[in-house]
Amino acid sequence: MLWRALLCLLFLGCFAPLSSFAQDKKPKVALVLSGGGAKGLAHIPLLQTLDSLGIVPDLVVGNSMGTMVGGLYAMGYSGDSIAKIARSADWDNIMGGGTGLNDVTVEEKSEFNRYMVNLGLKDGKFRLGNSLINDQNLRTFISSLTFPVHKVHDFDDLPIPFRAMATDIVNGKEVILESGTLAFAMRASISIPGIFTAVPYQETLLVDGGVLNNFPVDVAKAMGADIIIGSDVGGNMLPKEKLENLSSIMFQAGMLNSYLKNPESRALCDILVDHVPNLTYSTSDFVKSETMMQEGKIGVSQNNDALVALSEQLKRFDQRPHKIPDYADKVTFDTIVFNGISKGNSTLVRERANLKPDTPYTLDEVKSGIARAMGTGRFSQVNYALQNT
């Protein structure tokens, strides 16, 4: 089964009983997942529990890692499938960035990875990049997972309507992403300032939504949610004795607005799964994914009675189907367009990518072509998008 497209590459708590609602109309149930880096993996047991109880939310809202986990759930992955992804992911490679040695040409291998810091040249001056991590591998990981819904550009058309929180770092405003590609929304929402590069969006730049609203329960409320299930891994401000180094102070400063808003956000939840007291690892400990998920079960179990009660009260209503949409396993490109690349590099990149129109490719074959282009060492990142024609 084949589909045709245009490939563009750019080089750059308590529970409110259902009886309080009209009995002839199903209440709108929203799931809100906070940001928290690796701690966001603790959200997964809640998704597995919702699946086991037959509760399908009518809306999912997420920030940062909550956008990653929640976005996958909204597009149809089951809680068990997301847990499997978390266990099998090579997090060191995904979060470490960089180019694999196999994708580097022979003449470039002698220089590959010899230096700790890469410098760019702009206007005749050497400049450091604006992030610590090259996000090439992260974006490839996200694109692969979201491939089944690459044709969906209105997030209301996903199996479960979805919203992602981001921050307009230029104008200091919250941005609620409701359309575009799911991969873009995930990448923008997870852009921790100083760690990942800010993402260009319209006339501004987007970073992690946690700068202003790490637990966006108010978004779900504003969208008419009657019952809100909130899962919070973000926590509150650290006390003085724990602000013991520069990184902890900088992180708290960057999250200050969200921390101040968090009590209000928690109060809006009808069922609040508070993971904070149960998590023993930090935002960067992705290699502890299994432990994070095991610890996530504690907060879920503490809310089991409320979740079961909700399940029982929803049984009289039809639940929305929750599965990944059918999709073609190969793509044939009508046209391949290279943007943001000099004429001098164009021939080299085309030859290295070795992707051609009117030829069917699997997603893995497309990814390999992108990796070969990245392996030239001429670019800090290669963005690609599939555009329907």
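Helix H2 passes helix H7 in a right-handed crossing, where right-handed means that the near helix is turned clockwise from the far one by less than a right angle, and left-handed that it is turned anticlockwise. The model is a predicted one, in which local features need pLDDT of at least 70 and side-chain atom pairs count only at pLDDT 80 or more, while totals for chains, interfaces and linings use all residues. Residues are numbered from 1 along each chain as its sequence is written, and side-chain values use heavy atoms, with hydrogens and water left out. Helices (H or I, at least four residues) and strands (E, at least two) are DSSP runs, numbered from the N terminus.

The axes of H2 (residues 65–74) and H7 (residues 182–189) come within 8 Å and cross at roughly 160°; axes here are lines fitted to C-alpha atoms, for helices over the stretch in contact, and angles run from 0 to 180 degrees between N-to-C directions. H2 is therefore roughly antiparallel to H7, given that angles under 35 degrees count as roughly parallel, over 145 as roughly antiparallel, 65 to 115 as roughly perpendicular and the rest as oblique. On the H2 side, Thr-67, Met-68, Gly-71 and Leu-72 meet Leu-182, Ala-185, Met-186 and Ser-189 of H7, contact being heavy atoms within 4.5 Å. By class, this contact of H2 with H7 has 5 nonpolar, 3 polar and no charged residues, where Ala, Val, Leu, Ile, Met, Phe, Trp, Tyr, Cys and Pro count as nonpolar, Asp, Glu, Lys and Arg as charged, and the others, Gly among them, as polar.

H2 also packs against helix H3 (residues 79–88), at an angle of about 135° and with the axes 10 Å apart, so that H2 and H3 are oblique to each other. Their crossing is right-handed, and the contact is made by Val-69, Leu-72 and Tyr-73 of H2 together with Gly-79, Ile-82 and Ile-85 of H3. The residues of this contact divide into 5 nonpolar, 1 polar and no charged.

H2 is mostly covered, with 10 of its 10 residues buried, that is, under 20% relative accessible area, as against exposed at over 50% and partly exposed in between (1.4 Å probe, protein chains only). H2 is followed by Gly-76, whose phi is positive, near 120°.

Elsewhere, His-150 sits in the loop between helix H6 (136–146) and strand E6 (162–168), and His-150 counts as buried because its relative accessibility is 13%. A polar atom of the His-150 side chain lies 2.6 Å from the backbone oxygen of Phe-147.

Technical notes. A polar contact is a pair of N or O atoms within 3.5 Å; within protein, one must be able to donate a hydrogen and the other to accept it, and residues adjacent in sequence count only if both atoms are side-chain atoms.
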